[in-house]
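Take a look at the sequence and the model below.

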Amino acid sequence: MERSWLWRVALIAAVALFSIYQLVPSWFYFKLPPGERLGPAYEESVPKWAPSARRHLNLGLDLQGGIHLAMGVDVDRAVKAKVARRADEIAEYLKEKGVPVESAKPVGDGRVIELKTAEAARAEKTVLDQYNSEMYAPSGAPQGAIWLAFKGKVLQDFQAKAVEQAEKTIRNRVDKWGVSEPDIKRKSNNQIQIQLPGFKDPEKAKELLGRTAQLEFKITDDESPLVDPVRSELAACPSSEAGFKMPLPTEGCWSVETVELPSGGTRQVTFLAANNRIELDAAVQKHVSAKLDHDHEVGVGEGTVGQGPVRERYYRTYLLHAKTELTGDYIADARAAVDNSQGAGKPVVVFTMSPEGGRLMEKLTTNNLRRRMATVLDGKVETAPYIQGKISTNGQITLGSGRPYQQMYEEANDIALVLKAGALPAPVTIFEERTVGATLGPELIKKGTTAALIGLLLVVLFMIAYYRATGLIADVALALNGLLVLAIMAIIGTTLTLPGIAGFVLTLGMAVDANVLINERIREELRAGRSVRQAVDQGYDKVFWTIVDAHVTTLVAGVVLMQYGSGPVRGFAVTLIIGLIASMFTSIVVTRAIMDFFTRRDTARLSV
Amino acid sequence: MQFKTFDIIPHDTKFDFVGKRHIAVVLSLIANLAVLIFSLNAVHGLNFGVDFAGGTEMEVKFDRVVDAANIRKSVEELGFKDASVQTYGPESEHSYLIRVGRIALMSQEDVNRVIQAVKAKLPVAGEPHFNSEVGDKIDFQFTKNPTTQELKAAVEAAGVKVREVREEAGLTAGTRSFAVITQGIRDKVESDLLTRFGDAKPDVRRVEYVGPAVGRELRNQGFKAILYAMGLIVIYVGLRFDFRFSPGVIIALVHDAIITLGYFALSGREFNLTSVAVILTVVGYSVNDTVVVYDRIRENQAKYKGKHLGDLVNLSINEVLGRTFLTSFATALSLVGLLIYGVGTIFDFSAAMLIGIISGTYSTWFIAAPMTIWLEERAEKKRSPTARQQPPQQAKSV
């Protein structure tokens, strides 16, 4: 027997040490009382040499309490609203073009527009010339009217946009509450899944998430020195080549930006910045609120540092005139488009106001030419472009230039989404709600771990009682398996759920199955008269594929379950999968290395 | 050898599994049919949890004993006719599971009554919008907008309690729409429990609400997931061994899944997402034993060329009898703790898993392995009666 077992023992030791090392943050995480785990106390308690504090085992909602919601977007209503607004828009457009319109209203299932007009043919041509990529005129309309319908792809797009818009609104709001580690995912069938660990008030969550978004237009005040005194109260933001040097101080900091004034000059406008909304709100409360008069308020928006896909976000303030000049109700539609008027295509946002909204917008833009207009969605400044010219019914927002086309187009899309969020209702309703109170979790954790330990102990004792020394070797491998599973879960950030604990125990039970198969085979080979050395080799070699097959079939079930389940059940599936993979390593490689070590001489004895 | 070891199952057994396969198949068929018939709604039915049936489920803990029948009576008096109340976990915990199947608090008549009442008092524009899948929300538009208080008063005058009236952007630009949301089951039950059993300090520890559409979808997907898993496993085993083994695997898999389902059908325990997880795990795990026996059959086919397949299968099952039993035993041992300390779904998970493991071992011995000669025999009969003495066709090695 050559000394290859030495290398394998080294590998095993490395895996064991690596697992323990990866579990260091989890150790400190669970040492803290539940209430303090989410706070800064945890990150401070993790030693410097340990892996990132973010890599710790997470408790699922069923164990730490919190809210799980699946909100369904009422796409049917969103599409109806969109069609109704398009009908208004078309009527307005035809009147502008001098085509008489009696009425334009959705009919039937709310997806077809019936347009009553004295000049049907001309109306049809005018409308289709304008909207030919989106609409067509089906036949069968009554005398004196035309029907206008949307192409299938366009209707699908309306639905998709409604869901996207609802998701954005929900993200915005959850962001504002400062829930730690919220998980917001878009699921199939127009559903959005929201997990709020530790959030206690389901009624408040439902009420706030259920509202449609509120969009307001406000004018920034870049000439007022109201905010300037903070320069002496706070530190200036640390800067780098890409912008700010992240992370910013937790108490917030100040910075300046160069803003063009209507008079033609420029001014260095002071603003506050912080890492997140909560920190910024605290800084504003402390340093700015007292300085404001009735005509001003502070708006909070987002900024990014760096370029490309890895951009870090920070939050910043804008000084706004408190008066809401216009609300999103008057917006009929908005979309990203490409402006080809100046040669090269340039992404812009095109929006349409209702007739009344158009009049208000015209007044607003004429009075505030070359000032910045902030679009405030749900209390957050989404964008603040300069007003370049008079806008009435049909407006266009030009974006700051000098960035890649794709990035600008995405930004245009985002802004269009924001404008629409205030305009179109994308009502959400709750399809699924699971709330776990804070009192339940600790009890379940206690019972779950007790149950797991009992099962584990029984398996360990059985292996030793039945297989003696080889059973002990299998138990050593089992311990390593348990460590490895927990370490992998900590690394990939899986959440530990109650069914997950059951899955963990079950995989440990399954892991010894492999050793049972190997040991039985060794017994059989010994009975057939082979030497210990030969029996061990035969035992491992002949059973290897059986073990692989057995693991694969269970893995198949685990993967299917992971696709199907959500929440706790998914937690179970993930634990099962990780456990099975780890068990293939520990029960074959680890036990074999130890076994080879003890039977390395031909005269070796073995109790199996 | 230094230590005397022992075998739980002797290593030289000679049971005739193949010969008993007809009896085993008939017995299993009867058991399976019994479970399936019992699971039919018309006969007894599965006790679907809110995951699949839709509805609201609340886990409430009191600090002293409260009569479950009293809780049910009070919930039913709130208008939920199909409420069920069970004790949850050990008696000493005073925990109860209250389940109300009906989600839509408003029936279509309620909705019509509300709409008539609002139309009588306020200038409603167009037709109000009610989605029965949602069940607690009606959208109104008006020609002249009322205040939210006026609208709330109008709805409550029709006898429907309102939780919130929400003002939203309307269908066309510049108009407003009003969403009337009626009081949810949770609010209603919780406030009622507080007034009736306030001295026992009810603590609502967990609430699960699943809409009817989602419930249906989860049920269909769960069923599909089990079928997919079975299909994939059958294909894998077929590719790794021989597709001649497939009928045995399919029958054994279906058998184990149905027997596991039987736990839920007969015990009347709640059938929910976790139950689907158990069945899937059983499906994946119960093949393990089968794989062990198949491997041995393949090994023996190479070793004893020309031996009759039936004898070969019998020999193979007997040779690995001990380990197929022991692997299941070891896995079952790990479940003991969960069976003792498991609460609610976790207890059901372990109990059903245990039954699935037992069923998996049984089906390996009596169904999956003996069935491998089924196709062989049929093929022989087809060829000709005289060809019976011919050695069976050599299995294809993979």
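Strand β2 (residues 66–73) of chain A is joined to β8(A) by 7 bridges, and the two run antiparallel. Here strands (E, at least two residues) and helices (H or I, at least four) are DSSP runs, numbered from the N terminus, and two strands pair if DSSP finds at least two bridges between them. This is a predicted model, where local features need pLDDT of at least 70 and side-chain atom pairs count only at pLDDT 80 or more, while totals for chains, interfaces and linings use all residues. Residues are numbered from 1 along each chain as its sequence is written, and chains are lettered from A and ligands numbered from 1 in the order in which they are written.

β8(A) has another partner: strand β7 (residues 183–187) of chain A pairs with β8(A) in the antiparallel sense over 5 bridges. Together β7(A) and β8(A) make a hairpin with 3 residues between them, and A:Asn189 in the turn has a positive phi of about 50°.

| Strands | Bridges | Facing residues |
|---|---|---|
| β2(A) and β8(A) | 7 bridges | A:Gly66 and A:Pro197 |
| β7(A) and β8(A) | 5 bridges | A:Ile184 and A:Ile194 |
| β22(A) and β9(B) | 5 bridges | A:Glu432 and B:Val210 |

Why is β8(A) largely enclosed by the rest of the structure? Strand β8 (residues 191–197) has 6 of its 7 residues buried, so the rest of the structure largely encloses it. Buried means that 20 or more other C-beta atoms, placed from the backbone, lie within 10 Å of the residue's own.

Now zoom out. Chain A has 16 helices and 23 strands, and 47% of its 608 residues count as buried. Its C-alpha atoms fill a box of roughly 105 × 70 × 50 Å along the principal axes. The radius of gyration of chain A, taken over C-alpha atoms, is 32 Å, whereas a compact globule of 608 residues would have one near 25 Å (the globule rule is 2.2 Å times the number of residues to the power 0.38).

How many residues of chain A are in contact with chain B? 79 residues of chain A are in contact with 71 residues of chain B, a contact being two C-beta atoms, placed from the backbone, within 7 Å. Elements giving two or more residues to that side of chain A include β22 (428–436) and α13 (440–492). β22(A) also runs antiparallel to strand β9 (residues 203–210) of chain B.

Terms used
Buried ≥ 20, exposed ≤ 12 C-beta atoms within 10 Å, placed from the backbone.
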